[in-house]
Amino acid sequence: MALQESGEMYLETIYVLTKKNKSTRSVDIAEHMGYTKPSVSRAVGILKNGGYIVVDSDGYITLTDAGLNIARKIFERHTVLTKMFVGLGVDEEIAAEDACRIEHIISDASFNAIKKHLEKNNVE
């Protein structure tokens, strides 16, 4: 079963928070995403049952290999698409919002073509 967009968003958030703070708990996710603790708790349960995360006895969340692969993919898409939109002259905040929507639905073929084009043209 494919992971829904919201699940991808949670994995990306866990990835970003873990890179920044080394450890992540549900309360950190709720604060970062602006969601309620019950909503986050439900999502964490779904991700845990799906094998995307592990939650230890103290409530710390770790991405499994499967979760990490998805999180890295979504984070890269977010970063590259934001960079592309900013390079086209879009305001950074709007670029990030648009990238956030597109990152979940763009095909691998289209994303790879954009990435290759940006690399070829040295867009930083």
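Lysine 22 is exposed, with a relative accessible area of 71%, where exposed means over 50% relative accessible area, buried under 20% and partly exposed in between, computed with a 1.4 Å probe on protein chains only. Lysine 22 lies in the loop between α1 and α2, and although lysine 22 is not a glycine, its phi is positive, at about 75 degrees. The model is a predicted one, in which local features need pLDDT of at least 70 and side-chain atom pairs count only at pLDDT 80 or more, while totals for chains, interfaces and linings use all residues. Residues are numbered from 1 along each chain as its sequence is written, and side-chain values use heavy atoms, with hydrogens and water left out.

Tyrosine 52 is buried, with a relative accessible area of 14%, and its C-alpha atom is separated by 4.1 Å from that of glycine 67, a residue 15 positions away along the chain.

The protein chain as a whole has 6 helices and 2 strands, which follow one another from the N terminus as α-α-α-β-β-α-α-α; helices (H or I, at least four residues) and strands (E, at least two) are DSSP runs, numbered from the N terminus. Its C-alpha atoms fill a box of roughly 50 × 30 × 25 Å along the principal axes, and buried residues make up 33% of the 124 residues. Of the contacts between residues at least 6 apart in sequence, 55% join residues at least 24 apart, a contact being heavy atoms within 4.5 Å.

Two packed helices are described by the angle between their axes and the distance between the axes. Here the axes are lines fitted to C-alpha atoms, for helices over the stretch in contact, and angles run from 0 to 180 degrees between N-to-C directions.

| Helix pair | Angle | Axis distance |
|---|---|---|
| α1 and α4 | about 90 degrees | 8 Å |
| α1 and α2 | about 105 degrees | 10 Å |

The angle of about 90 degrees between α1 and α4 (residues 65–87) makes α1 roughly perpendicular to α4, and α1 is likewise roughly perpendicular to α2; angles of 65 to 115 degrees count as roughly perpendicular, under 35 as roughly parallel, over 145 as roughly antiparallel and the rest as oblique. The α1 residues Glu8, Leu11, Glu12, Tyr15, Val16 and Lys19 meet Gly67, Leu68, Ile70, Ala71, Arg72, Ile74, Phe75 and His78 of α4, a contact with 8 nonpolar, 2 polar and 4 charged residues. Here Ala, Val, Leu, Ile, Met, Phe, Trp, Tyr, Cys and Pro count as nonpolar, Asp, Glu, Lys and Arg as charged, and the others, Gly among them, as polar.

With α2, the angle is about 105 degrees, and the contact joins Met9, Tyr10, Thr13, Ile14 and Leu17 of α1 to Asp28, Ile29, His32 and Met33 of α2, giving 6 nonpolar, 2 polar and 1 charged residues.

The second largest pocket holds about 180 Å³ of space and is lined by Met9, Glu12, Thr13, Val16, His32, Met33, Tyr35, His78 and Cys100. A pocket is an open set of points on a 1 Å grid over the protein atoms alone, where a 1.4 Å probe fits, with protein on both sides within 12 Å along at least five of seven lines, and lining residues have an atom within 4 Å of a point; the volume is the space filled by probe spheres set on the points, which are joined across faces, edges and corners. The elements giving two or more residues to this lining are α1 (5–21) and α2 (26–33), and α1 gives the most, with 4 residues. By class, the lining has 5 nonpolar, 3 polar and 1 charged residues.
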